[in-house]
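Hi everyone, thanks for coming along. Have a look at the model on the screen, and then I'll walk you through some of its features.

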Amino acid sequence: MPRIYIDGQPFDASLDQTVMQVADANGVYIPRLCWHPKLSIAGNCRLCVVQVEGRSWVEISCNMPVSEDLKVLTDTELVRAHRKATLQFLTLNHPVDCGVCDKAGECTLQDYHVAYNGDASVSAEPKVTATKFYNLSSRITLDNERCVLCTRCVRFTHEVSKSHALGVLGRGDHSVIRPSDAAGAKPLEQDAYSDNIVDLCPVGALLSRDFLYKDRVWYLKTTPSVCPGCERGCNIDIWHRKPEWALRALDARHNTAIARVTPRDNPQVNGPWVCNKARDLGKLLERPRAHAPMQKGREVTLEQALAAARSLIDRARHPVALVSSWASNEELQAFKGALGERFTCFVKADHSPVEGEVVQDDLLIRADKNPNRRGANALFGDAAPAFAPDTDLVLVWGEGADFGRLPRGVPVILLNGFLAPENGHADVFFPISVLTERRGHFTNFEGVTSAFEACFKPAAGTAHAQDVFEALAHAEVSAP
Ligand code: SF4
Ligand code: SF4
């Protein structure tokens, strides 16, 4: 195992590592724009230069293999001068429209300019202009003037998502990122992972059209969560308004809305990527909500609904429960503890693939569109739902049940977070909290358990399913 020295500090390395990787692994920061740990080395931004002791030139650390006793310096006068000149070059034609750029507050170029350059542009020439708002797809727009041609986006579509959707067109300061016309290339529109390039772009060149001009990142906070879009259970960060920056004048729904979703790196589950379904979580969870308990379509209090449901359960001799595969391990355990002995339980799919969606692929997307099938199966088995002829009560937890297939004339207790026609048809209906309003764990198809936290308070009139089950089994509970 070779030992190398970075700024005089000894580090053990392996021969397949680069100096950049050793530095990263040991907490030594070397600036970079084009290098990314999960992409091939491009070596084009020239910002990660270091100086080997005894040499009078700089070299890029992202492509420098380690060797025994290698001694590199990351902060010499020569390195500083080179970085400063590189930043001058990178901003030569940059529009410096940071004030209106979505990337402001998290732009690497802005941070590097302050840290390593600090001076105004030395250029007296007019800037070379390029396309603003070139729509690469219905989801992503490109500002070519801000692009530093790091090619992270190009490499992602070639190496990770494999759509080969993007390429570099032109030469010199007329180079632009454009859809690729190479054989086998797919349009970015058809790339189920396209939004990762917005995260990858180190500057404000690639912009999410959904997020564009809607927020400033410093008004937002992140809450760790899990994408419920399939049984992969990708770890995500949900971005939402900080309470101290709550809007009072404009639409108050902004305060409890998902502003954007980004991947949370978990090497055991999703690495640093998610598919576009996770980005659209807001659209899924911000559908119209159910706000009132009901008995056969008539609004009642929670206490009345609990009393009616308890009476149905007490009278039933052969009740069946269709358990949610979108429920957390904690909720599933609560149901089992409270009512699991009374009911014959089956795990149902709350969601199934919808038209146009990628059903399964080799990267992340799984065909089972339910995040906790494995956790639910561990408690309730994996038999397909079936109703014996003497079934005399059905409890349906969550979405996805085909009410046309429930035994005719048998009373139904339904728990659902969203408005649906079935809610009014159930004998007793409970509106329940949704993913962003509760905390818990999902176990993915490989047995990896991931935690999610609550972003918002439960919507008015809703209860946590867990509390409903405990109230049905024991004492009553009031709405949160
Ligand atoms: S658009 Fe962004 S990620 Fe793509 S090459 Fe330009 S700067 Fe890099
Ligand atoms: S692969 Fe599945 S869990 Fe991951 S982001 Fe896509 S839908 Fe969500």
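Let me begin with a question: which elements each supply at least two residues of the lining of the largest pocket? They are α3, α5 (196-200), β10 (206-208) and β13 (260-263). Helices here are DSSP runs of H or I with at least four residues, strands are E runs of at least two, and both are numbered from the N terminus.

Before I go on, a word on the ground rules. This is a predicted model, where local features need pLDDT of at least 70 and side-chain atom pairs count only at pLDDT 80 or more, while totals for chains, interfaces and linings use all residues. Residues are numbered from 1 along each chain as its sequence is written, chains are lettered from A and ligands numbered from 1 in the order in which they are written, and side-chain values use heavy atoms, leaving out hydrogens and water.

Back to that pocket. The space in the largest pocket comes to about 890 Å³. Its lining counts 37 residues, and those closest to the centre are K103, V198, D199, L200 and T262. A pocket is found on a 1 Å grid over the protein atoms alone, as an open set of points with protein on both sides within 12 Å along at least five of seven lines; a cavity is a set where a 1.4 Å probe fits but cannot get out, and lining residues have an atom within 4 Å of a point. Points are joined across faces, edges and corners, and the volume is the space filled by probe spheres set on them. By class, the pocket lining has 17 nonpolar, 6 polar and 14 charged residues. Nonpolar covers Ala, Val, Leu, Ile, Met, Phe, Trp, Tyr, Cys and Pro, charged covers Asp, Glu, Lys and Arg, and the others, Gly among them, are polar.

How many cavities of 30 Å³ or more does the structure hold? There are 3. The largest cavity has about 230 Å³ of space. Of the 22 residues lining the largest cavity, W326, D350, I432, S433 and R438 lie nearest its centre. Two or more lining residues come from each of α7 (281-285) and β19 (412-416).

Let's zoom out for a moment. The protein chain has 12 helices and 22 strands. Its 480 residues are 51% buried, where buried means under 20% relative accessible area with a 1.4 Å probe, protein chains only.

On to the sheets. Five strands make an open sheet, in the order β2-β1-β5-β3-β4 and with mixed pairing. Its edge strands, each pairing on one side only, are β2 (9-12) and β4 (59-60). Two strands count as paired if DSSP finds at least two bridges between them. β1 (residues 3-6) and β2 are antiparallel over 4 bridges, and I4 stands opposite F11 in β2. Another open sheet has 3 strands in the order β6-β7-β10, with antiparallel pairing. In this one, β6 (134-135) and β10 are the edge strands. The antiparallel pair β6 and β7 (residues 140-142) is joined by 2 bridges, and N135 has T141 in β7 as its bridge partner.

Next, the ligands. Ligand 2 is surrounded by residues including C227, C230, C234 and C275, along with R232. The ligand 2 shell has 8 nonpolar, 2 polar and 2 charged residues.

R232 sits in the loop between β11 (220-226) and β12 (235-241). Is R232 buried or exposed? R232 counts as buried because its relative accessibility is 11%. Beyond its neighbours within four places in sequence, R232 is in contact (heavy atoms within 4.5 Å) with residues including V269, L363 and E446.

Setting aside neighbours within four places in sequence, the contacts of R178 include Y134, L142 and N144. R178 and N144 are 34 residues apart in sequence, and their C-alpha atoms are 9.5 Å apart in space.

Methods: Buried means under 20% relative accessible area, exposed over 50%, partly exposed in between (1.4 Å probe, protein chains only). A residue is near a molecule or strand if one of its heavy atoms lies within 4 Å of it.
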